Amino acid sequence: MADAADVILRLEGVSRDFALGGGWLRPARKLRAVREATLDVPTGQITGVVGESGCGKSTLARLAVRLLTPSAGRVLFDGDDLATLAPAALRRRRAQMQIVFQDPYSSIDPRYRIRDALDEPFVVQGVKLSAAERAERVHGLLAMVGLDRAYAEAYPHHLSGGQKQRVGVARALALDPRLVVLDEPTASLDVSIQAQIVALLEALRARLSLTYLFISHDLGLVRYICDRIVVMYLGSIVEVLPTPTTTPGHPYTRALLDSAFPPDPARRRAIQRATGDIPSAIDPPPGCAYAARCPLADALCRAERPRLPTGERHPVACHHRLA
């Protein structure tokens, strides 16, 4: 783990379960979306979280800002356990940590004008502003994300997907947060618009000295924008790459890297595909969750679940570490 003074967010053994209702002759079941996740988010850095769809990334994002409460473990922001804070104290803390959601089309109330959506954080936090001050703040937020002040009077259906996501970013920055969780902020956008949003996020991070927790399924994008990379598989953190260029130590991370082809045909290479099915999160196997798809798996892997070691710069949860 990093030094506590350099960590803005820390997850300690965090798990999150969802109850699945039963039916006639069928018992209720439990889905474990996140399993014993331990993670430090260093101040001032961009920490990426990557993995296939359904691996628990979005659940982890919501746990980080306490939109979800952990079933087990602790989430610490600046050393404070968010689960122990009184409602008023938690509301104040939430001004310092914000989230940008994946779908810009559903993250803004369609009945709100854009000025109302950008004014909402001040209302929730009880910030007293005159009408002139509110207008000035809204126009400043629009300018910050590259939108004309005329958009303040528009409704969400008047905006494109990229413009809506800019509004989502502006709303997240309204209260001058220190930590911003970005839950696949470019996934639903065209490629050209994705590049614009990524460039905007980089510029805002440098300008405002922000810390990002960047969630994505795109390892290429994560390697481009992030300082360090957390790899998840079936709810568990299986590797933490201290730099984007660190050689992977887990076979799953290696498979993710191999799945991204360079655009130059001369640089194409033979890859070893991951075969087999992803296990069920409702009834996971007793050993390593990746064993059924891993070419290195043996009897130990199928019987004993590897743990992510603590205190290492490059931790890997694998019995047969590659590097």
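Which residue stands opposite I99 in β7? I99 stands opposite V181 in that strand. The legends below place this pair and other elements in context.

The model is predicted, with local features requiring pLDDT of at least 70 and side-chain atom pairs pLDDT 80 or more, while totals for chains, interfaces and linings use all residues. Residues are numbered from 1 along each chain as its sequence is written, and side-chain values use heavy atoms, with hydrogens and water left out.

View A. Helices (H or I, at least four residues) and strands (E, at least two) are DSSP runs numbered from the N terminus. Two strands pair if DSSP finds at least two bridges between them. Strand β6 (residues 97-100) pairs with β7 in the parallel sense over 4 bridges. β7 also pairs in the parallel sense with strand β8 (residues 211-216), over 5 bridges, and D183 stands opposite I215 in β8.

**View B. Burial of β7.** In strand β7 (residues 179-183), 5 of the 5 residues are buried, so the strand is largely enclosed by the rest of the structure. Buried means under 20% relative accessible area, exposed over 50%, and partly exposed in between (1.4 Å probe, protein chains only). L179, V181 and D183 lie on one side and V180 and L182 on the other, and both faces are covered.

**View C. The open sheet β2-β1-β4-β5.** This sheet of 4 strands has antiparallel pairing. β2 (29-42) and β5 stand at the edges with a single partner strand each, so one side of each is left without a neighbour in the sheet. β1 and β2 are joined by 10 bridges, and R16 has V34 in β2 as its bridge partner. Between strand β1 (residues 7-20) and strand β4 (residues 72-77) there are 5 bridges; here S15 is partnered by A72 in β4.

**View D. The hairpin of β4 and β5.** β4 pairs with strand β5 (residues 80-81) in the antiparallel sense over 2 bridges. F77 stands opposite D80 in β5. The hairpin has 2 residues between the strands, and D78 takes a positive phi near 55°.

**View E. Helices α3 and α5.** The axes of helix α3 (residues 114-124) and helix α5 (residues 161-172) come within 8 Å and cross at roughly 25°. I114, A117, L118, E120 and P121 in α3 meet V167, A170 and R171 in α5, where contact means heavy atoms within 4.5 Å.

Conventions: Axes are lines fitted to C-alpha atoms, for helices over the stretch in contact, and angles run from 0 to 180 degrees between N-to-C directions.
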